[in-house]
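Please keep the viewer open as you read.

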Amino acid sequence: MSPPTPRRRRALPVLTAALAALLCGLAPPAAAADDGPPDWTARPAGGTDRDARPYVYLEGTPGTVLQDRLTVTNSGRAPLTVRLRGDGRAGGWIRFAEDTVTVPARTRADVPLALTVPQDAVPGDTSGEAVATGGGEEIRVPVRVRTVGPTLAALGVEDVEVSGGTIRYALVNRGNAILRPRLAVRAEGVFGTLLDRPERPLPLELAPGRRVERTEPWPDAPALDAVTVRLRVTASGGARDEAEASATYVPVVPAVGGGLLVLGGLAALASGAYRRRRTGRAGPQPPPDAGPAVQPEPPEQAGPPEQAQLPVATEPLLKAGAKT
């Protein structure tokens, strides 16, 4: 048999390349990556794109209605419909003149908005966002509101509890200003100070009306003692409060008799400070003339029982001349 000709050997690679080209032609083109910005924008009204305000800023007293505008610019070639809403705490105070706006191609629209500061709003800064959604995109415009009015700083510490090596407590902001609390801890036992932590800032920001439960570790708590733990909290504006709790530390022993012995030792510890204060003081002595001296009773007379029973009755009989 004669070997295959070189022409037939080259036919297979050519056929494979043609088939691959045909499949590539039938496959849909890959979607182009859209890394560029959308063809529309939303920002606070006023100025140009270069010197535009970074956020909407409003300031007023509780109950005031504040006004501003949001600019929506459509740079595309077709009309654009945008939905508007508020988000966040300050965003919930916003009402737009129109919740849905259709902006023609290559046109800009200024949408009025009104922000009503609630009557119970506390003085200070509040944030939120104005959200515009359209054309498959979402743009968020920051909103900052400052409520003007007198501030009251009031901080409380409560529900203090000591359990093992942990001190539990709760902080409550009873004022209308944001507080950054500071905490100091001190524990006193029967024989002196067991814990003394100076005032330090806590890693939290306490909003008005907020309550936070926290714990303070005490890894070297005593094994046998009666302690009183006192917490002191402070914050700017003169806010401060103190609270305390007591606890008794008793080691765990398996035997009942041993447990009674430990409790007896704890009672002795509790009274040790008082006893030390009484050491060295002499007890009160009665005065020499405190009372009449007690005379000893005369011994009984010897003799027959009858004479011993009537020692006094025989004497008058002798005086009367009775014969014996």
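**A guided tour of the strands, cores and charges**

N74 stands opposite T107 in strand 7. Before going on, a word about the source: this is a predicted model, in which local features need pLDDT of at least 70 and side-chain atom pairs count only at pLDDT 80 or more, while totals for chains, interfaces and linings use all residues. Residues are numbered from 1 along each chain as its sequence is written, and side-chain values use heavy atoms, with hydrogens and water left out.

Back to that facing pair. Strand 3 (residues 65-74) and strand 7 (residues 107-116) run antiparallel and are joined by 10 bridges. Strands here are DSSP runs of E with at least two residues, numbered from the N terminus, and two strands pair if DSSP finds at least two bridges between them.

Strand 12 (residues 182-189) and strand 13 pair in the antiparallel sense over seven bridges, and the two form a hairpin with two residues between them. Within this pairing, L183 stands opposite R200 in strand 13.

Which residues of the largest nonpolar core touch the most other members? Of its 28 residues, these are W40, L84, F96 and L115. A nonpolar core here is a set of buried Ala, Val, Leu, Ile, Met, Phe, Trp, Tyr and Cys residues joined through side-chain atoms within 4.5 Å, where buried means under 20% relative accessible area, exposed means over 50% and partly exposed lies in between (1.4 Å probe, protein chains only). Leaving aside neighbours within four places in sequence, F96 is in contact (heavy atoms within 4.5 Å) with L70, L84, R85, G86, V111, P112, L113 and A130. Apart from this core lies another, of 27 residues, among them L179, L202, L204 and A245.

T126 gives a further view of a buried site. This residue is found in strand 8 (residues 124-134) and is buried, with a relative accessible area of 8%. Beyond its neighbours within four places in sequence, T126 is in contact with R89, A90, W93, V143, R144 and V145.

Charged pairs come next. A search of the whole structure finds 19 salt bridges, each being a side-chain nitrogen of Lys or Arg within 4 Å of a carboxyl oxygen of Asp or Glu. One of them brings together the side chains of R140 and D87 (2.8 Å, N to O). That pair links distant parts of the chain, with R140 in strand 9 (residues 137-147) and D87 in strand 4 (residues 80-87), 53 residues apart. R140 is partly exposed at 34% relative accessible area, and D87 is partly exposed at 29%.

In another salt bridge, between E158 and R211, the closest N and O atoms are 2.2 Å apart. Here E158 sits in strand 10 (residues 155-163) and R211 in strand 14 (residues 211-217), 53 residues apart. E158 counts as partly exposed at 23% relative accessibility, as does R211 at 38%.

The side chains of E216 and R197 also meet in a salt bridge (2.7 Å, N to O). E216 is in strand 14 and R197 in strand 13 (residues 192-201), 19 residues apart. Is E216 buried or exposed? At 3% relative accessibility, E216 counts as buried. Salt bridges that share partners also join R85, D87, E129, E138 and R140 into one network.

Last, the backbone angles. Most residues other than glycine have a negative phi. R106, which is not a glycine, has a positive phi of about 50 degrees. R106 lies in the loop between strand 6 (100-103) and strand 7 and is exposed, with a relative accessible area of 62%. D159, also a residue other than glycine, has a positive phi near 55 degrees. D159 lies in strand 10 and counts as exposed at 53% relative accessibility.

Note on methods: Helix = DSSP H or I, 4+ residues; strand = E, 2+ residues; numbered from the N terminus.
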